[in-house]
Amino acid sequence: MTTNHYDVVIVGGGLAGLSSAAYLSSKGKKVAVLERGQLGGRAVTLKIKGFNFNFGAHAIYARDSSVLKTFEKELDLHIDWQDFNPTKAKYDIGNDLTAVPANVQGLFQTKLLKGLDKVLFTFEILKTMLKMETGHPHMSIQKWMEKKNVNEEVKEMMLTLASSNFFTREPEKIPSDVFFSYYSRLFTTNKPVAYIGGGWQALINEFVRVIEANNGVILTKTKVESFHVEEDRVVGVVTPEGEFTADEFISCIPPKEMVKVFAETRLEHAIAQHAEYEPTVVIVYDIGLKERIDVPYSYIYDKQNNIFITDISYYDQTCVPEGGQLLQATAYMRQSDVGNKELAEQRKLEIEALYDKHFAGWREQLVVPRVSTRAIVQEIKWTMNQKPMPIFMPDYRNLFFAGDWCEGQGQLSELSFSSAMNVAKLILEK
């Protein structure tokens, strides 16, 4: 068995693994990234019949305050930002469309609230922006609103917002501190949502470029079988190709996969607990069209059915053949609905009905559909009985964790980037 020694070995080549590797290698650390499959994890781009379909939520929220902006600046990443246009985002409220309150301007334009209710909701948002309201870690947003006697219209607006930003049909279960922490950033940003030209693959390529330019090693199709521990330290990771030793280790693989590699270690039971947590699951139904169907909006959210459609090609024209269009539909799920085939089929029909309503003629223009009835957008779902994994545990002081199931800032990919940055800084401070 061969031995390869590095300053840092990173297990998992998703967004967290690649960003931490790029950052550490740029600071002079000798790093190795071990990935059992292809780079990107759930953030990958798949080319089908000339269309680039992105797996994962292909959006960066609050990008001007995002950790990805810090990576961009410090690593000189070349990112083609395509900013979301809030004026082209609409709520479908049955017989009418109204503005999505993605920012304060949208808040004043929306028809979901009127008169005093709009003033009351604006006051709640102002308190959130000023961090006068932070919620409580032991109180769901539903319980918080009941305790504060929030009226029904304002309550519904807050839950509608939470549903659309947290990708869930059960927004009332979100911990109130998580809710307010998220919106204090989102409503103070100048860029609420942005896309990356070229999709996830363009970003992955940039991280790889930086890692390789700094003599980092990336090994794909390299399966980690176990972590080799001695007393209170991790000394190596074992693969079929040999053992990779290092001074520091970062595990960027989901807890459900970590369970196997940490068997018979001090962390076995702690990781097993996180492995039992439920992810955020949605149904994704993307369609590639040979010709554009022009409508006056690029995002439509069906408030009643919790389904949204984004015209990805409106922002990123590299994802379609000339003259084509790529629409991405996402339907939120209740946890009890996950795995129900009949309900999944019903949700698919609801998505198609929304396409019919807002993109008439799409069936005749259809080139390729892509349906996933169990797409994981985040490895942890925010409920009162689920907590993110710490980025380190006291059992092994040279072992760290990063990913969208870990403690960090924001949601979705931002959790991966922020936990990766926090871990990288802890290692560099040593």
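1. Domain bounds here come from an automatic or database domain assignment. The model itself is predicted. Keep both points in mind while reading on.

2. Domain 1 is made of 5–46, 59–80, 198–277 and 382–429. Domain 2 covers 115–190. Domain 3 covers 280–378. Locate these ranges in the structure before you go further.

3. How far apart are the C-alpha centres of domain 2 and domain 3? They lie 27 Å apart. Nine residues of domain 2 take part in the contact, along with 16 residues of domain 3.

4. The size of an interface is often given as the accessible area lost when the parts come together. For domain 2 and domain 3, the buried area is about 1000 Å². Carbon and sulfur atoms account for 52% of that area. On the domain 2 side, the residues that lose the most area to domain 3 are F167, R169 and E170. Together they make up 67% of what that side buries.

5. Now look at polar pairing across this interface. Six residue pairs are in polar contact between domain 2 and domain 3, with both residues at pLDDT 80 or more. The side of domain 2 that touches domain 3 has two nonpolar, four polar and three charged residues. One salt bridge is counted between the two domains.

6. Side chains of opposite charge can pair when their charged atoms come close. K303 and E156 form a salt bridge, with their closest N and O atoms 2.4 Å apart.

7. The whole structure has 21 salt bridges. One of them joins D83 and K191, at 3.4 Å from N to O. D83 sits in strand 6 (residues 81–83), and K191 sits in the loop between helix 7 (176–186) and strand 9 (193–196), so this pair ties together parts that are 108 residues apart in sequence.

8. The structure holds 27 aromatic pairs. Is the pair of Y6 and F244 stacked or edge-to-face? It is stacked, at 6.4 Å centre to centre and with 25° between the planes. Y6 belongs to strand 1 (residues 3–11) and F244 to strand 13 (residues 242–251), so the pair ties together parts that are 238 residues apart in sequence.

Methods: Residues numbered from 1 in each chain as written. Predicted model: local features only at pLDDT ≥ 70, side-chain atom pairs only at ≥ 80, totals over all residues. Heavy atoms only, no water. Contact = heavy atoms within 4.5 Å. Buried area = accessible area lost by both parts, 1.4 Å probe. Salt bridge = Lys/Arg side-chain N within 4 Å of Asp/Glu carboxyl O. Polar contact = N/O pair within 3.5 Å; in protein donor to acceptor, adjacent residues only side chain to side chain. Nonpolar A, V, L, I, M, F, W, Y, C, P; charged D, E, K, R; others polar. Phe/Tyr/Trp six-rings, centres within 6.5 Å; stacked < 30°, edge-to-face > 60°. Helix = DSSP H or I, 4+ residues; strand = E, 2+ residues; numbered from the N terminus.
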